[in-house]
Every structure is written in C-alpha cells, then in structure tokens.
Amino acid sequence: MSLIKLINLPPLGDERGSLVSLESNKSIPFDIKRVYYIFGTKSGVARGFHAHKKLKQVAVCVTGKCRMTLDDGIQRKEEWLDSATKGILIEDMIWREMHDFSDDCVLLVLASEHYDESDYIRNYDEFLKGVNNV
Ligand code: TYD
C-alpha cells in the first residue's frame, strides 16, 4: 500500500471565492475528535519527529506550505503540502516530520482521537521496534 495517501479536497468555489468542507467519514476517513493548527513556525524549525500508536490524522496547509516526510519503517517519502485542497492521511504507526515551513504556513490537522501523550512514540528506534513487533 502507498505510504503517501493524498486526499483531494475540492473547493466549493463561486464568484466570491473558495470554501473547503471537511466531514467525518466522508473526505476525512475517521470520526474527527480533535482539530489543531500549527502556525508562526520559526524559520529553520522542523516539527513532528514522532509516530502514534493508534491516532490517525489528516493534515492540510490551508495557507503557505511545508514539506511532510512520512516513514513506515521500511521506506521514507516526502510530499509538499502546498495547497488548501490537498490533504494527506497519516495512519497510525507512521513516523512524521514537517520541514521547511513557509512564514505564512498554517497547517491544519484533523485527528481521530483526543490528545493523549501515551499514544506518542517519540524515539525513532522505539518506533522501528514497534513496526517490527520486536
Ligand atoms: P507535538 O505533538 O509534539 O507537536 P509537533 O509534532 O507538531 O512538533 O505537540 C507540542 C506540544 O503541544 C506538546 O507539549 C503536546 C502539546 N499538545 C497538546 O497539548 N494537545 C494537542 O492536541 C497537541 C497536538 C499537542
């Protein structure tokens, strides 16, 4: 299965401009329990560097851009999030890093679970052990 799972979020445009609607179990393939957004990221800062045991997320840059790196323990792939109509699905047990945030980047994240620090794997070696069931 492909590591990079893009979700097309078609804009509902009219002469006034654009609107994107995100709905649980429609364009977003889970029940949305939490929404957060990352903005004002300082130049040169990279974020993420963790995986989740259970959580699934969809991320979309509603303004600006950043480079998303995903790693399933076997392969590592990158995707520029550079459009308000381009979502990326991040499944459970996927290591993610976000790099090269533009100054104006607002990264919107929809999450399948409430915040739970115990769901995080913040150590890459521990992540690899989890992927390999060691
Ligand atoms: P973290 O997930 O480490 O951010 P990133 O992966 O983007 O680098 O979260 C940063 C801090 O914010 C961390 O202390 C946990 C806290 N946090 C919450 O309290 N609730 C949330 O929903 C999220 C995503 C983070």
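Mentor: The answer begins with the ligand and then turns to the protein around it.

This is a predicted model, in which local features need pLDDT of at least 70 and side-chain atom pairs count only at pLDDT 80 or more, while totals for chains, interfaces and linings use all residues. Residues are numbered from 1 along each chain as its sequence is written, and side-chain values use heavy atoms, with hydrogens and water left out.

The ligand is surrounded by R34, Y36, I38, R47, G48, H50, M98, Y115, Y120 and R122; a residue is near a molecule if one of its heavy atoms lies within 4 Å of it. This shell consists of five nonpolar, two polar and three charged residues. In this classification Ala, Val, Leu, Ile, Met, Phe, Trp, Tyr, Cys and Pro are nonpolar, Asp, Glu, Lys and Arg are charged, and the others, Gly among them, are polar. The strands β2 (34-39) and β3 (47-52) each contribute at least two residues to the shell. Helices (H or I, at least four residues) and strands (E, at least two) are DSSP runs, numbered from the N terminus.

A polar side-chain atom of R34 lies 2.4 Å from an oxygen atom of the ligand. For R47, a polar side-chain atom is 3.0 Å from a ligand oxygen atom. In the side chain of H50, an N or O atom is 3.3 Å from an oxygen atom of the ligand. The ligand on its own has 530 Å² of accessible area, and the protein covers 63% of this; such areas come from the Shrake-Rupley method with a 1.4 Å probe.

How is the protein that forms this shell built? Of the 134 residues, 38% count as buried, meaning under 20% relative accessible area (1.4 Å probe, protein chains only). Among contacts (heavy atoms within 4.5 Å) with a separation of 6 or more, 76% join residues 24 or more positions apart.

Note on methods:
Polar contact = N/O pair within 3.5 Å; in protein donor to acceptor, adjacent residues only side chain to side chain. Buried < 20%, exposed > 50% of the residue type's maximum accessible area, 1.4 Å probe, protein only.
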